[in-house]
Amino acid sequence: MLHNRIPVGGVIYGPCILVPEFVRDQVFPVLGQAGFNERYDCMMKRDDAVFSGMGQEMKISVKTRIGMEFMSEWEDILSVYIKYPINELIIHPRLRNEFYKGEVHLDAYKMAEKLYREKENCQTDFCYNGDIVDEESFDRIMGELYPDSSFGDDFHVMIGRGLLMNPNLPNQLKGQEASFDKKLFKEFMSEITENYKQEMTSEKQVVMKMKELWVYFAKGLGLSERQLKEVLKTSRLADYKAVVQMVLSDV
């Protein structure tokens, strides 16, 4: 099953997760600035706090990278996760300091899955995240992770940038309608804009946020540099909407 997940509340999310104040105020800041040994200790404290306070009916998913700076961190990070009843482990196999550059480390993903599969009565599902931007990249990555096509129908994928480039991508990966749906794209874009309007204090902030997304929209739509510049030059919401309308009329 292919999922597009929208994270709620940071690294750990699920149905109605309330992060304890200790975790929010003391643990998360240290995770971002400490040395690895301190971060490792803070991960344990964070997960102890979260999992000890959850009810049995609550399921928790964890989205993770494979380390901050060094590949050697991954094994220690996994040794923390495997201690807890995580419902789903979502892995973007890059280090934090790699951002979105370079190739994903698929061996790290395979290592994690192998470790969990060897665990007795393992109930944790796996979800892959990273660099799936079209059908070709999906087939290439899945082919490397599962050369025998063993991922099955219930395999989970989180799509981020690829969905911004092409909101119809999940349908294409499931073998459904492959052509660009302008109506669907407009609805998708309008919903994001309206949600930003509810969250932001000014129209200028909304336009700034939408322009960040148009860097990805433009790739998916095959816009020229000139067309993208027209969108990026706007600062008022009315001007932004007018330019977007004009650009989409040419698509």
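Visitor: Is D131 buried or exposed?
Guide: Happy to start there, bearing in mind that this is a predicted model, in which local features need pLDDT of at least 70, side-chain atom pairs count only at pLDDT 80 or more, and totals for chains, interfaces and linings use all residues. Residues are numbered from 1 along each chain as its sequence is written, and side-chain values use heavy atoms, with hydrogens and water left out. Buried means under 20% relative accessible area, exposed over 50% and partly exposed in between (1.4 Å probe, protein chains only). D131 has a relative accessible area of 18%, so this residue is buried.

Visitor: Which residues are linked with D131 in a network of salt bridges?
Guide: A salt bridge here is a side-chain nitrogen of Lys or Arg within 4 Å of a carboxyl oxygen of Asp or Glu. D131 pairs with R94, the closest N and O atoms being 2.7 Å apart, and with R161 at 2.8 Å. The network therefore joins D131 to R94 and R161.

Visitor: What is the relative accessibility of R94?
Guide: R94 is a salt-bridge partner of D131. This arginine counts as buried because its relative accessibility is 0%.

Visitor: Where does the side chain of Q227 reach a backbone nitrogen?
Guide: Q227 is found in helix 10, residues 225-232; helices (H or I, at least four residues) and strands (E, at least two) are DSSP runs, numbered from the N terminus. Q227 counts as buried, at 13% relative accessibility. At 2.9 Å, its side chain reaches the backbone nitrogen of S224.

Key:
Polar contact = N/O pair within 3.5 Å; in protein donor to acceptor, adjacent residues only side chain to side chain.
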